[in-house]
Amino acid sequence: MRPQPYNEILNGMKKYEYRRAFLKEAVTAFIYVSSPVKEIRGVIQFGKPIIDSVENIAMIAEQEQSGWGEGIISYMSGLETGYAVPILSLQEIPPIPLQQLRSIYQFTAPQSYIYLETNKKLKEALLVRLNSIENE
């Protein structure tokens, strides 16, 4: 995720994540924030996505923030349907920088997402960080 949308979620301004494709159920995701941050920084609880026409997804975006609808229309160009994924919560965790992610966990920053089941060592490290926050 780019730094600006991440900060908009963190500040409570952004309530939906808009995607061309997504899972069809609620999901928990650890978030890698791209350049210049280059860290896994938080964990987001996503609700069940709204799957609808691009025009209706754009209307949700426009209601969320004036001007966002046009960006969604452009982003989802060529599609019949898109996804508006409710953001239920964001919790920051102690960050893991990209250099450490690469050297210890053989991590490559994803273009979209990866399943942590494919990297059990990284999954364990992220869960330890999450549990340390929850037990404070």
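Trainee: What share of the contacts in the chain with a separation of 6 or more comes from residues 24 or more positions apart?
Mentor: The model is predicted. Contact here means heavy atoms within 4.5 Å. Counting those contacts with a separation of 6 or more, residues 24 or more positions apart account for 72%.

Trainee: Which pattern does the chain follow along the sequence?
Mentor: The chain holds 5 helices and 5 strands. Read along the sequence, they give α-β-β-β-β-α-α-β-α-α.

Trainee: Why is the chain called as compact as a globular protein of that length?
Mentor: For 136 residues the globule rule gives 14 Å. The chain is as compact as a globular protein of that length because its radius of gyration is close to that value, at 16 Å.

Trainee: Is Glu 39 buried or exposed?
Mentor: Glu 39 sits in strand 3, which covers residues 39–46. A residue counts as buried under 20% relative accessible area. The value for Glu 39 is 15%, so this residue is buried.

Trainee: With which side chain does the side chain of Glu 39 make a polar contact?
Mentor: Leaving aside neighbours within four places in sequence, Glu 39 is in contact with Ile 31, Tyr 32, Val 33, Pro 95, Ile 96 and Pro 97. The polar contact of its side chain, at 2.8 Å, is with the side chain of Arg 41.

Trainee: How far apart do the centres of the positive and negative side chains lie?
Mentor: The chain has 14 positive and 15 negative side chains.

Note on methods: Residues numbered from 1 in each chain as written. Predicted model: local features only at pLDDT ≥ 70, side-chain atom pairs only at ≥ 80, totals over all residues. Heavy atoms only, no water. Helix = DSSP H or I, 4+ residues; strand = E, 2+ residues; numbered from the N terminus. Rg over C-alpha atoms; globule rule 2.2 N^0.38 Å. Lys, Arg positive; Asp, Glu negative; His and termini not counted. Charge placed at Lys NZ, Arg CZ, Asp CG, Glu CD. Buried < 20%, exposed > 50% of the residue type's maximum accessible area, 1.4 Å probe, protein only. Polar contact = N/O pair within 3.5 Å; in protein donor to acceptor, adjacent residues only side chain to side chain.
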